[in-house]
Amino acid sequence: MPTAQSNTSDFDAFLFEQIRANNPSGLILDMDDTLYWESGFVIEFARQMRGKVLLEKGGLQADQFFNFFTENWSRGNRKSIFQLSVLEFNLETVSASDFLESMRSMSVPGGLALRHWARRTLTEMSIPIAILTNGDPVLQKNKFSQLSPEELLRNVDLICAKDYEAKPSAMGALKIIKNWGLAPDEVLLIGDSQVDLDCAKNAGCGFLWSVDFMP
C-alpha cells in the first residue's frame with residue numbers, strides 16, 4: 001500500500017491499476033472516504049450548523065463550534081459528536097437529534113464528487129458493483145443521492161449493512177455476492193477501515209484499501 005505521502009491523484013491511479021490487476025468479477029465498495037471524500041460533506045454540515053449556533057451563541061462561539069465539530073469528526077469521535085457538541089456549547093435551541101435530522105436531509109451545493117479512481121472504474125469496467133455501508137440508512141441514502149456524476153451510479157446498488165448485520169459481519173457482503181451468482185474469491189471489497197478489511201476476510205473476498213495510509 002502506498003505511503004501517506006502519496007498525493008491523491010497518484011494514489012487514485014494506483015488504486016485503479018490494482019483493481020484491474022486483480023481482475024475481479026464484482027466489486028463491493030464502502031462509501032465514505034472510498035467513493036468520495038467525506039470531509040466535503042462534514043465541512044458543509046458544520047458550516048450549516050454554525051448558522052444555528054450563531055443565532056443562539058454569537059459569532060465567536062459559532063466559529064469555535066465549527067472547529068470543534070470538524071476536528072472531532074476527523075479524529076474519529078463520531079458516535080457521540082452530536083451530544084458532545086450540545087454539551088460543549090451549552091446549546092438550548094439545538095439538540096443532538098436536531099443534528100442528526102439536519103445531516104440526514106442536508107444538501108451539498110454541487111453534490112459530492114466521486115473520486116477519480118471510482119469514476120474510471122464505473123466508466124471502464126463492466127462488472128457488477130454495489131456499495132455496502134455501515135452508516136445510518138437515511139443519512140447514507142441522502143449522501144448516495146448526491147454523489148456526482150449521478151449517471152455513473154444508475155446500475156450501482158446501495159446496501160445498508162444494518163439491514164442484515166453491520167460490518168465486519170460478512171452477511172451483507174455474502175448476500176450481494178449470492179445475488180450476483182459469484183464466488184467470494186471472485187469479488188473485491190474496497191474500503192478505508194479495519195472494519196472493511198475484516199468484513200472482506202470474513203466473507204472470503206479480496207480487499208484493497210481506498211486510502212493511502214493505514215487507519
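This tour goes from the sheet to the helices across it, then to the aromatic rings.

The model is predicted, so local features need pLDDT of at least 70 and side-chain atom pairs count only at pLDDT 80 or more, while totals for chains, interfaces and linings use all residues. Residues are numbered from 1 along each chain as its sequence is written, and side-chain values use heavy atoms, with hydrogens and water left out.

**The sheet**

Start with the strands. Helices (H or I, at least four residues) and strands (E, at least two) are DSSP runs, numbered from the N terminus. Five strands make an open sheet in the order E5-E3-E1-E6-E7, with parallel pairing. Two strands pair if DSSP finds at least two bridges between them. Neighbouring strands are turned by 25° against each other on average, direction ignored. Axes here are lines fitted to C-alpha atoms, for helices over the stretch in contact, and angles run from 0 to 180 degrees between N-to-C directions.

Now select E6, residues 187-191. It runs parallel to E7, joined by 4 bridges. Glycine 191 stands opposite tryptophan 209 in E7.

**Helices across the sheet**

Show helix H7, residues 137-146. It lies across E3 (129-133) and E5, at about 160° to E5. Contact means heavy atoms within 4.5 Å. Next, show helix H9, residues 194-203. It lies across E3, E6 and E7, at about 165° to E7.

**The aromatic rings**

The structure holds 13 aromatic pairs. Rings of Phe, Tyr and Trp (its six-membered ring) pair if their centres lie within 6.5 Å; planes under 30 degrees apart count as stacked, over 60 as edge-to-face and the rest as tilted.

Select phenylalanine 69 and tryptophan 73. They are stacked, 5.8 Å centre to centre, with 25° between the planes. Both lie in helix H3 (59-74), 4 residues apart, about one turn of the helix.

How buried is phenylalanine 69? Its relative accessible area is 0%. Tryptophan 73, at 10%, also counts as buried. Buried means under 20% relative accessible area, exposed over 50%, partly exposed in between (1.4 Å probe, protein chains only).

Finish with the cluster. Ring pairs link Phe45, Phe65, Phe68, Phe69, Trp73, Phe82, Phe89 and Phe99.
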